[in-house]
Each structure stands twice: as C-alpha cells, then as structure tokens.
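I opened this notebook to record what I looked up about the fold and the packing of its helices. The entries follow the order in which I consulted the model.

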Amino acid sequence: MTDPAWACPRCGQDTVLAALRIPNGWTTANGKRVRGNTQVLLCTRCDAEDPTTGPIVTYFAVHGTATLQTLDQLTLLLRRWIERAEPPKLDEDALAAETEAWHRGDL
C-alpha cells in the first residue's frame, strides 16, 4: 500500500526519494504579496528521464544510500537540482474544479 505522505502526486506511487522546500509566492489582485513555501518532489518514476533529476535517481539506484566515498558526487547532483528547482506550475483546471466542489459543499 502506498504511504500518502510519500506518494508522488503525479503518478500516485510510493516513489518519492526527496523533497525540497522552496520559497513561493504571488501577488493578489489587490497588489498584496503573498509569501510561502512549496515542496518540489523527486520521484524515481516521474523524474528519471529529466537531465537534472535523473542522475540523482540513478545514483540511488546504483548506490542505494549515500556513503562517505560517494558523498561528493551526491552533493554535486543535489546542488544542481536545488539551483534549478522551480515551484510546480498551477493546474488552473484542477483549481477551478476544486473551487466548484467547495462551492457545492463537496469538500
């Protein structure tokens, strides 16, 4: 059974290797800045082909865990991911559907 705490929201599988918490925010219609954080997940299934995250997936497939002998290699891979990570794009259709469900009282 998939643990919902570690299930990937894209594929639904228990395949999340790591999570980054990065700053995220937006400006409201009134011009007020809203600040917060969001998580960017690293999924073995969904991110294996990505040029930035794929090497991290491969690292853990090969090594299983971080070791003193390979820590420098992993550090470089993680830094590259951290530098390039962006908040997930807003799915406006999903937001609209959730808003409609809320108005109907289904949430």
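The model I examined is predicted.

Entry 1, contacts along the chain. I looked up the contacts with a separation of 6 or more, and 41% of them are accounted for by residues 24 or more positions apart.

Entry 2, secondary structure. I found three helices and two strands in the chain. Their order along the sequence is β-β-α-α-α.

The C-alpha trace spans about 55 × 35 × 20 Å along its principal axes. I also checked burial: 21% of the 107 residues count as buried.

I then turned to H1, residues 54–63, and H2, residues 71–84, whose axes come within 9 Å and cross at roughly 150 degrees. Angles over 145 degrees count as roughly antiparallel, so H1 is roughly antiparallel to H2. I recorded the crossing of H1 and H2 as left-handed.

Which residues make the contact? From H1, I listed Pro55, Ile56, Tyr59, Phe60 and His63. H2 contributes Gln73, Leu74, Leu77, Leu78, Arg80 and Trp81. By class, I found the residues of this contact to be eight nonpolar, two polar and one charged.

How values were computed. Residues are numbered from 1 along each chain as its sequence is written. This is a predicted model: local features need pLDDT of at least 70, side-chain atom pairs count only at pLDDT 80 or more; totals for chains, interfaces and linings use all residues. Side-chain values use heavy atoms; hydrogens and water are left out. Axes are lines fitted to C-alpha atoms, for helices over the stretch in contact, and angles run from 0 to 180 degrees between N-to-C directions. Helices (H or I, at least four residues) and strands (E, at least two) are DSSP runs, numbered from the N terminus. Angles under 35 degrees count as roughly parallel, over 145 as roughly antiparallel, 65 to 115 as roughly perpendicular and the rest as oblique. A crossing is left-handed if the near helix is turned anticlockwise from the far one by less than a right angle, and right-handed if clockwise. Contact means heavy atoms within 4.5 Å. Ala, Val, Leu, Ile, Met, Phe, Trp, Tyr, Cys and Pro count as nonpolar, Asp, Glu, Lys and Arg as charged, and the others, Gly among them, as polar. Buried means under 20% relative accessible area, exposed over 50%, partly exposed in between (1.4 Å probe, protein chains only).
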